[in-house]
Amino acid sequence: MTTPPDDPISDAIDRADAGLLARRLDARTCPPDLLGRLVRHPVPRLRHLGLTLLAERTDTPRTPDADGGQLALVAGLLPETVGSSPEESLLLAGLHTRLGSRGPRTRLPDWRAAALPARVRIAWLRTELLGDPVVLRTEPAGEPLYRAVRESAATDAHRPDRLVAELVGTGDPVLQAEALRLAREGLHAGLLAPAFVRDRLVRLLDASDHDVVTGALRELAEPWAVVTPLSPSSLTRPAGARGGGGAALAAAVLVAAVRHGHHAVLWNTAEDPAGAPALRRQAVELLGERAERTDVGRLVGLAATDPLLLAGPVLTCLRGLHRRGHFPADRDAGPVLDLALADHTVPAEDVATVLYTCRRPLFDTLVDTPPAAPDWPRRLELLVALERQGVTDVPIGETVARLLPAARDPRPFLAAIRALRPPNAEDAVLALLPSAPSAALDALEAIGGDRTRSALARAFGIDAPPEAPGSAPDALGSAPDVPGSAPDGPPEAPDARGSAPDGPPEAPDGPPEAPGGPSPASGGRPSGLGALPPAPGSPPPAAARSPRPPVAPELRPVRDRALALLWHLTRVPEQRRDLLDRLDPRHLPYAVEADLGAADERELAVLRARVDADAPVAALRRIAEHAGTEALPLVSDLLLRIVRDLAAPRDPDAGPPPPGPDTPYPGLVPAGRPRPDGEPELPAEALEAVRALGSRLWRRRRIRPVCLLDAPDDTGAGHAFLTATVLGLLEHPGLTGGEQAVLLKALLQVPATASTRARGHRLLRSRDPQVRKHVIALPAHDASGADARALSATLVPLTSDPDIRTVRAALLALGTARADWAAEAVGACLHHPNMNIRKTAAATLLHAGAPASVPHLRANSGCSTC
């Protein structure tokens, strides 16, 4: 029941005390009769207060009179005048607008006969239009009408469909543009049916204004509008009138054409030599969404007519085909390569990805040219990019090393050798040390071994003993003398390609210095070799030696770098001490100075001999804290031991083993919350120990393992070292599926690298669903989505795999890649019998939605469980 107003309120109304009423009255609880007294009060201030309270009441949800009957009662309280002041009239217009959108249209006062300001007249005109759009037929076009429509919203109209229809029928460009806006608002708010909006948009294609037509085409290219394709005539009529619409209209036509499946429009534009260059490029790129494998030859032939204009778009198109599983044939490798050689702005990585399936013809074509050809730098760039795809059946590095002696300019070849790190290339690079010392040292940093150390020692005049026959190179350091081994990673985990993981360019090796010049610490004077001051009581070593010969002339410009490389490649303790005796402490290269003060290898050998195999985590942490390169094989062995202990099958009823001396890692508390899947994970302490070891080696400017060469900082070096170690263990023969799964999960703890995809994607063929699930998770771990896009042709078929773990991982990876080209396969998973798969598919469509998924969404829209 409604309580009558108390005496203070009535007294305040009688004496027109607007201040007290404003403080005491609440719009949500004020009785309607009291509001009626206020809005009809003769004092303007009280009428304004009453109208303000009434406006607040109609805007507040869950008020006592929020239903239709009470709204009609409130409407009856409104005065039949337009108000005595502009402010009051504006409030009345707004109230009529609010009430008109919620119920039957109320009769408006004769606002046209009143002398109102322009702003107030526009507000009343807006109210009238929202209530009865037929007014548009008689209202003259002009600024008041345009402003009234522009300030209108689809949610304020009593019949938004009639309002949009009337605006479209006016033929006025300004009003038709507003009709397009209101149609979009009503559609997204659920006020207008898609069929109705689509019909009105099709009618707007005949509008005289090009901007209106452009907006209609863009909206018709949205996923909701392409469920029912447009006819080709809708896009091509009237072509003559649209010719002057500019690039925006033509681009909208192309996008709408590809969305509605009209390829002929795209081909006609792309193959028109008189067409606008930007439109031709866009048409070729859009063909990637619809073209098939049989169209590759036609696309490449089109690009050959103007490579600088169309090579990039054709490659973008081919990438789209590649994502959808349409790969070029072997015969297409040569023409595509010609495009890449003609346009150097085309990314080499994209060319290698597209032509990976025909890599052998691509390789043969790349190397089938004289070594003195001027385009070898670009060819080498493409060869390096192809090798980074994980190619193992093509001898890329060996071929580059074989061509090196005959090269007209060896520097690009040496840079490629640094990236490829082929075996048996050391002698060829050393032969170029006199003619290209800087580039040769770059390559030797990656592949140098004992022969490099000996050559540098002779160049500095150090009496180096002859190499022992069959002397083994450093386990993680030098390039091997025999094929089949690689300098990257621990010996137990050789890279399957014979090379190290790729990474970003090498960070500066300390304070800035001129390339190959003296170190800053030398004050600009040549640095290098000199006698250390003798220790008290020790014989002066310099006096007992014969004068040294001068430094080789070819190394003088790169003295510091050569000396640092010699230092890091010297592993025999006697040779290292001899070199240390000859260093001048006042003029040390930064890379040498950073490596001084390491622990004694004999002490480390004692520490390694005390490894407790029954507590591998504790042993790994202790070894990694002090280890040098000599202990890296042991680090890999301990990490593999932990993996095998974690993956070993146990009796599920036995429970966890009690802590004790036989426990693999006693006292270890797993980091983070327990995983709900119950899968074992490498302890965070073990991963951090390996990561910290890599960071410490980088700070000492070590160049072995070679993955440290490309690290930008110590954090990146730690991640690269851990990745290289885990990938090397993954290639260890005889691993079980459980052990591989533990190692793959460890890769998710470090940032994704190019080597991760190149060396890990082979495991996608594993028959173990658990392994396959974690391999698929690696592309999803790459935040950029590049790995998932490159492997899309493999991931899309996995969405129909019988194993639900594989399906869910594939959906997550496609969502990371925003794979809208896979929307149909993702949408089909909405019908999967497993609820988790349906939920994952729905979440993936938020990032990878496309028109192809709309039928699946509509089919599931009425399902209460989806």
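Here's a quick tour of this structure, from the overall make-up down to single residues.

Keep in mind that this is a predicted model. The protein has 866 residues, and 51% of them are buried. Its secondary structure is helical: 45 helices and 0 strands. Take the contacts between residues at least 6 apart in sequence, and 69% of those join residues at least 24 apart.

**Salt bridges**

- There are 44 salt bridges in the structure. As a bit of background, side chains of opposite charge can pair when their charged atoms come close.
- One of them joins the side chains of Asp199 and Arg200, with an N to O distance of 2.4 Å. Asp199 is partly exposed, because its relative accessibility of 32% falls between the 20% and 50% cut-offs. Arg200, on the other hand, is buried, at 14%.
- Helix H30, which covers residues 573–582, holds the pair Glu574 and Arg577, and these two sit 3 residues apart, about one turn of the helix. Their closest N and O atoms are 3.8 Å apart, which makes a salt bridge because the cut-off is 4 Å. Arg577 is partly exposed, with a relative accessible area of 47%.
- Asp578 and Arg582 are also both in helix H30, 4 residues apart, again about one turn. In their salt bridge the closest N and O atoms are 3.4 Å apart. Arg582 is buried, with a relative accessible area of 8%.
- Salt bridges can link up into a network too, and here one connects Arg418, Asp442, Glu445 and Arg561.

**Rings and charges**

- How many aromatic pairs are there? The count comes to 1. The pair is Trp376 with Phe413, whose ring centres are 5.2 Å apart; their planes are at 45°, so the pair counts as tilted.
- Trp376 belongs to helix H23 (residues 376–387) and Phe413 to helix H25 (residues 410–420), so this pair ties together parts that are 37 residues apart in sequence. Both Trp376 and Phe413 are buried.
- Arginines also show up over tryptophan rings. The charged end of Arg323 sits over the ring of Trp821, 4.4 Å from its centre.
- Likewise, Arg576 has its charged end over the ring of Trp567, and here the distance to the ring centre is 4.1 Å.

**Two helices side by side: H9 and H11**

- Helix H9 spans residues 160–169 and helix H11 spans residues 194–204; their axes come within 10 Å and cross at roughly 10°. Are they parallel or antiparallel, then, and which is it? With that angle, H9 is roughly parallel to H11.
- On the H9 side, the contact is made by Asp161, Val164, Ala165 and Val168, while H11 brings in Phe196, Arg200, Arg203 and Leu204.
- Glu166 is another residue of helix H9. Is Glu166 buried or exposed? At 17% relative accessibility, Glu166 counts as buried, because the cut-off is 20%.
- Setting aside neighbours within four places in sequence, Glu166 touches Pro133, Val134, Leu136 and Arg137.

**A closer look at Ala55**

- Ala55 is part of helix H4, which runs over residues 44–59. Its relative accessible area is 8%, so Ala55 is buried.
- Apart from neighbours within four places in sequence, Ala55 is in contact with Leu95 and Arg98.
- Ala55 and Ala27 are 28 residues apart in sequence, and their C-alpha atoms are 8.5 Å apart in space.

**Backbone details in the loops**

- The loop between helix H35 (684–699) and helix H36 (714–730) contains Pro705. A cis peptide bond joins Arg704 to Pro705, with omega at about 0°.
- Arg701 is found in the loop between H35 and H36 as well. Its phi is near 60°, a positive value in a residue other than glycine. Arg701 counts as buried, at 11% relative accessibility.
- Arg818 has a positive phi too, near 50°, and is likewise not a glycine. This residue is in the loop between helix H42 (804–816) and helix H43 (823–828).
- Is Arg818 buried or exposed? Arg818 counts as exposed, because its 53% relative accessibility is over the 50% cut-off.

How values were computed
Residues are numbered from 1 along each chain as its sequence is written. This is a predicted model: local features need pLDDT of at least 70, side-chain atom pairs count only at pLDDT 80 or more; totals for chains, interfaces and linings use all residues. Side-chain values use heavy atoms; hydrogens and water are left out. Buried means under 20% relative accessible area, exposed over 50%, partly exposed in between (1.4 Å probe, protein chains only). Rings of Phe, Tyr and Trp (its six-membered ring) pair if their centres lie within 6.5 Å; planes under 30 degrees apart count as stacked, over 60 as edge-to-face and the rest as tilted. A charge sits over a ring if NZ of Lys or CZ of Arg is within 6 Å of the ring centre and within 35 degrees of the ring normal. Axes are lines fitted to C-alpha atoms, for helices over the stretch in contact, and angles run from 0 to 180 degrees between N-to-C directions. Angles under 35 degrees count as roughly parallel, over 145 as roughly antiparallel, 65 to 115 as roughly perpendicular and the rest as oblique. Contact means heavy atoms within 4.5 Å.
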